[in-house]
Amino acid sequence: MEKDFSGLMDELALLRQFSGAPKDFWPRFLSVAARLASADLAVMLLGHPGKNPRWTKIGDWDSGSNLSKTRTQFSAQLEAIAERCLTANFIEPMDVAAGIFVLAVRLKSVRVEDEMVFVVQIRTTGEATAREALRSEEH
């Protein structure tokens, strides 16, 4: 794990210097952030206040965990999760028995008015581990 973590941190450091197009940046960022959070699923959403659709998916990532039931539930709740996340980052159980949690973090942008939300589904052995993932994404 330490080797993986070190490699992911190196990838993240390289992304801080990224000078390419956003369409090339976001998939790479999403992959690194999702793996750092030990996510099963991850989605990046961009908000459009006053427009329809309100949210656009700018990227998604799948660990290959094959959680089709929870993927459907996760996808169905994305807009509500994103709206709630605009107020505060959060973590909450999606399926307590299976140890599946949803973590949502609003990303800061150069433009204050941008609404970008990173949402992941993580499977863990307990809420304490899930909350640790939230703390690592906030920094």
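**Entry 1: strand E5.** I looked up strand E5 (residues 116-123) and found seven of its eight residues buried, so E5 is largely enclosed by the rest of the structure. Buried stands for under 20% relative accessible area, exposed for over 50% and partly exposed for what lies in between, with a 1.4 Å probe and protein chains only. Strands (E, at least two residues) and helices (H or I, at least four) are DSSP runs, numbered from the N terminus.

**Entry 2: what I was working with.** The model is predicted, with local features needing pLDDT of at least 70 and side-chain atom pairs counting only at pLDDT 80 or more, while totals for chains, interfaces and linings use all residues. Residues are numbered from 1 along each chain as its sequence is written, and side-chain values use heavy atoms, leaving out hydrogens and water.

**Entry 3: neighbours of E5.** I then asked which strands pair with E5; two strands pair if DSSP finds at least two bridges between them. Strand E1 (residues 39-47) runs antiparallel to E5 and is joined to it by seven bridges. Here Ala42 has Val120 of E5 as its bridge partner. Strand E4 (residues 100-107) also pairs with E5 in the antiparallel sense, over eight bridges. I noted Arg106 opposite Val117 in E5.

**Entry 4: the protein chain.** I listed five helices and five strands, in the order α-α-β-β-α-α-β-β-β-α along the sequence. Of its 139 residues, 40% count as buried. I also checked contacts (heavy atoms within 4.5 Å). Among those between residues at least 6 apart in sequence, 51% join residues at least 24 apart.
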